[in-house]
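I opened this notebook to keep a record of what I looked up in one structure, going from the whole chain down to single residues.

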Amino acid sequence: MIDKDSLLEGDGVTPERISKLWTLPFLTFVVLNLFLFMGFDTLLPILSLYLENNGSSEAEIGRIFSCFTVSAIMMRMLSVSLAARFGVLGLIRLGLLVCGGAVIAYWWVDTTPSAMIIRFLHGLGFGLASTLVTALASQIIPPARLGEGMNYLGLGTTVTLAAGPFFGLWLKDNFGYLVMFLVVAGVYLLGIVWSFNLPTMKLSRITGLRPRPVFLSRLVLVPSLLMFLTGIAVSSTVIYMALYCQEKGLPYAAHFFVLSTGGIFISRLFSGRLYDRLGHCFVIAPAVTLMFLATLILALGLGRNALFITSILWGLGIGALFPSIQALAFAITPLNQRTEVTASIFNSLDLGFGSGSFVLGLLAERAGTYQIVYWAAAGDTLVFLTFYLVYYLRLHPSVQKGKLVQEY
């Protein structure tokens, strides 16, 4: 039986207030998630340029980014046990602190091994903080508004996926790498300060159940696979867009991220409510189709105007896709297992992102062009769309609307 009262402690939140979506704790989680992912996404394309300028090859850049995946997955497997022993909010702040320290340490990177070590530490902090923030936030979202709630929470993930790289490129171009690293570390620090708006909280649990390490939850294997494929596609734009534009002589990498941010905001206006009213099929399938078209256009290398069109299509797709997969996973699992489901979803995303960055880097090095990256990404999104349609429309149409199974 779920111990509902173990979700929150203190006077700041009561079970009655869980029926409302826009409570102070939920708003705090939305902004905290924004800080967490802003620090992460601002760094990604600039770090690849920074490493290349320091002499790292395409394959070495892929290995460095893969270290983050390994450590983030390791930490997510341990997050439930650590939260039960040390408390959730303190671990979130510790994770943010480790992220900030790692970002500053990048300035002293001078070899591939040193970059791999720092990237590994960064993954530990990010894996810990991101898992616990999402798991706690999902527990205070009303069941009937799960798609909408995860949509708003996901603003911290998908908006920064576009705005972060633009902000990072702007900082690097105008102030240099050191200032950029310091600003990103400051974003993590702001997250720590902001977290003090939260009341004392802890994870929901089943009485007598001992926490265990989780890599992939069997409850959400299919959503996890979908998130894995999403991670591969995301790595193609976030890591390699700046390098691709540089190769093509197109000084528009920042424009890509700005326009895709606009696409994300547009998709946010309706995708969450559409999910709650009609089901995930009416959101996920169109979103992946847009991402397939975007990566296909990039692979064709059609020039400036095509790049601008691609950025809007990409933003519309990724803005709707990521929170919809999360909402699908949470909707089909019990409340008390949200933390391990969160770990599974993020592990899958990181595994896709890390393996994508590694394999796509090897492909680019072998082919001698970053254009191959987007042919591979187009193939990845096509596999996603085909599998998704076959599984949910032909094999398991009964879960098309992602009916809730948890009891509050």
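The entries below follow the order in which I looked things up.

**Entry 1, the chain as a whole.** I noted at the outset that this is a predicted model, and every value below is computed from it. I counted the secondary structure and found 15 helices and zero strands in the chain. I then looked up burial, and of the 408 residues of the chain, 57% count as buried.

I asked which residues of the largest nonpolar core touch the most other members. The core has 114 residues, and the ones I wrote down are Ile 92, Tyr 188, Met 241 and Phe 384. Helix H1, residues 24–53, contributes the largest share of this core, namely 14 residues.

**Entry 3, a nonpolar patch on the surface.** I turned to the outside and found that Leu 94, Leu 97, Val 98, Ile 117 and Leu 121 form a nonpolar patch, with about 430 Å² of accessible area together. Helix H3 (88–105) and helix H4 (112–139) each supply at least two of the patch residues, and H3 gives the most, with three. I checked Leu 94, which is found in H3, and its relative accessible area of 43% makes it partly exposed, because that value falls between the 20% and 50% limits. As background to the spacing within each helix, I noted that an α-helix has 3.6 residues a turn, so residues three or four places apart point the same way.

How many salt bridges does the count come to? I found one. Lys 172 forms a salt bridge with Asp 173, and I recorded 2.9 Å between the closest N and O atoms. Asp 173 counts as exposed, because its relative accessibility is 55% and the limit is over 50%.

I looked up Thr 237, which has its place in helix H8 (residues 221–238). Is Thr 237 buried or exposed? Its relative accessible area is 1%, and it counts as buried because the limit is under 20%. Leaving aside neighbours within four places in sequence, Thr 237 is in contact with Phe 256, Phe 257, Trp 314 and Tyr 374.

I then looked up Phe 358 in helix H14 (residues 338–367), and at 29% relative accessibility Phe 358 counts as partly exposed. With neighbours within four places in sequence left aside, I listed Gly 62, Arg 63 and Ser 66 as the contacts of Phe 358. For the pair Phe 358 and Ser 66 I wrote down a separation of 292 residues in sequence and 6.4 Å in space, C-alpha to C-alpha.

Notes
Residues are numbered from 1 along each chain as its sequence is written. This is a predicted model: local features need pLDDT of at least 70, side-chain atom pairs count only at pLDDT 80 or more; totals for chains, interfaces and linings use all residues. Side-chain values use heavy atoms; hydrogens and water are left out. Patches are made of residues with over 30% relative accessible area and no salt bridge: like charges are joined within 9 Å, nonpolar side chains (Val, Leu, Ile, Met, Phe, Trp, Tyr) within 5 Å. Accessible areas come from the Shrake-Rupley method with a 1.4 Å probe; for residues, only the protein chains shown count as cover. A salt bridge is a side-chain nitrogen of Lys or Arg within 4 Å of a carboxyl oxygen of Asp or Glu. Helices (H or I, at least four residues) and strands (E, at least two) are DSSP runs, numbered from the N terminus. Buried means under 20% relative accessible area, exposed over 50%, partly exposed in between (1.4 Å probe, protein chains only). A nonpolar core is a set of buried Ala, Val, Leu, Ile, Met, Phe, Trp, Tyr and Cys residues joined through side-chain atoms within 4.5 Å. Contact means heavy atoms within 4.5 Å.
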